[in-house]
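I set out here what I looked up in this structure. The entries follow the order in which I took up each topic.

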Amino acid sequence: MDADPTIYDERLAAEMDRGEFVLAVVTATKPDFYKQAPVVAAARERGLPCFVVHTGQHYDDVLGHGLEEYDLEPAIAADLGIRGDLSEKTAQTMLAVRELAARLDEWPDTTVLPLVHGDTHAAAVFPQAWLFATNQQVAHNEAGLRAMAPDYDAVPTATGTDAVPTAAPDDGPDVDDSDGDYPDPAALVDEQWSGEWTVDRTEPFPEQYDTFVGSAAARYQFAPVELNREHLESEGYPRTVDGDERIPVVGNSVVDAIRMKADHDGESVFDIYPVLEARDDWVRVDIHRRANLLPGRFRALVEGVIALVEDGYNVNFVELTATRHALERHGYRDRLARLADERDNFLFTGLWKKHAHVYEFLRSGQCLAELTDSGSMQEELNYIDEACCLTARFNTDRPETVFEANTNLLVPPISGEFVREMVTHALETDAVRERLQSGPDLYGEDVAEGIVDFLAERRDGPVSEWSHERQGFDAVGGRTVDYL
């Protein structure tokens, strides 16, 4: 397998020739664009040499639009052209990063420090590829994401009444998950907000693998909250080395992204979808994670959404590429299309192209809640108070939004009936809904500026180390230790 990265020589040289330290901001997918863009902007403001390495994983007009929307395109000095499934992306990234590193060898006196982000696959593979190619480490924005789950065994059950029909479409097997026991919604809310949580690394997949592996090649790990730092320390990563901080708690650069897009650039989401303004209290649904596309979970979520529509809730179902494939595979897409034609309270759309439109809608007062499996959305709705966050997962890698801020609740996709009951309880119980909309902001402000300042202060420091150096044995008996 060959790697064919595209190097934009003039852009690369323009930054590499500026000094002895250059920040290489790595982007791969849509969340990277808006969470890394503030870092690029802060570096420009500070005068720190900086370019973008885009893996190319999200590149089409919709998923890749964030590169244009957040003004990242002019900063891209390398596009690695990564495509394919997880195995193909892994192999291609290894080879493409090796080629990029060889190109950077033309500036032997310049230190390049890549900054990866979050729990994308690039956050795992790029640091390893860079380490293997250069024997140097990276920095990690949004490090220490570790999934946690509440104690479901501590929650009493409630037997379903009012059964939600969950028969699959005519071309699929009958499924009846409406009868039987499921967690009592009120008790599950109390357990999530007040009970004990434990680490659960089983999913999301591959994100939990990616964030865990990415830590292994990171010299500096920027933790959004103290909990993330505690996870990293429990795994053996030092908070400081010889007085040098390695795991600063900086907040999350998503708050900078929200502030960057306070203006929707002239075109409103309500111009595109007028019904969102004509009707109030929308529930926006965004489901795309691999685990939620498993047959049982996916049926529970779709049937739960259909039940909410039939109950009279205004629902906007957002269809991503993976969601569309699952809808078609399980025979639901035609059913949702018919529902959209028949019901004024159901809007069936594709992925919204502009992220500014998402922020506009969430802050407008027209959106009552977001039912999502997105990690970033849990962070965004901690900062945006107008809409409630309901996370369609059994665990979350942003658990602080639940048990610390109380701005989020898990809605595990157990059955269609349970999804309906849990969502209804959260939105119709005044105390729960108001608490979801009024919790403390967890993720700080001017986060990207803090990250850039931190790295600029360490621009003269090493970007790799051996154990003897960490332990202070650079010289023994007056002689430099040579391990090579």
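I began with terms: two strands count as paired if DSSP finds at least two bridges between them. Helices (H or I, at least four residues) and strands (E, at least two) are DSSP runs, numbered from the N terminus. The model is a predicted one, in which local features need pLDDT of at least 70 and side-chain atom pairs count only at pLDDT 80 or more, while totals for chains, interfaces and linings use all residues. Residues are numbered from 1 along each chain as its sequence is written, and side-chain values use heavy atoms, with hydrogens and water left out.

**Entry 1: the parallel sheet**

I looked up Ala369 and found that it stands opposite Cys388 in S18. Strand S17 (residues 367-372) and strand S18 (residues 388-391) run parallel and are joined by four bridges. I then traced the open sheet of six strands, whose order is S16-S15-S14-S17-S18-S19 with parallel pairing. Strand S16 (346-350) and strand S19 (408-410) stand at the edges with a single partner strand each, so one side of each has no neighbour in the sheet.

**Entry 2: the mixed sheet**

I noted a second open sheet, in which seven strands follow the order S1-S4-S3-S2-S5-S6-S11 with mixed pairing. Its edge strands are S1 (6-7) and S11, each pairing on one side only. Strand S6 (residues 138-141) pairs with S11 in the parallel sense over four bridges, and Val138 stands opposite Ala218 in S11.

**Entry 3: the second largest pocket**

Which strand gives the largest share of the lining of this pocket? I found that S11 does, with three residues. Strand S11 (218-222) and helix H21 (467-470) each supply at least two lining residues. The lining has 18 residues, and Gln137, Arg219, Ser464, Glu465 and Arg470 lie nearest the centre. A pocket is taken on a 1 Å grid over the protein atoms alone, as an open set of points where a 1.4 Å probe fits, with protein on both sides within 12 Å along at least five of seven lines; lining residues have an atom within 4 Å of a point. I recorded about 310 Å³ of space in the pocket, a volume being the space filled by probe spheres set on the points, which are joined across faces, edges and corners.

**Entry 4: two helices in contact**

I checked where helix H5 meets helix H7 (contact means heavy atoms within 4.5 Å). His121, Ala123, Ala124, Pro127 and Gln128 in H5 meet Asp210, Val213 and Gly214 in H7.
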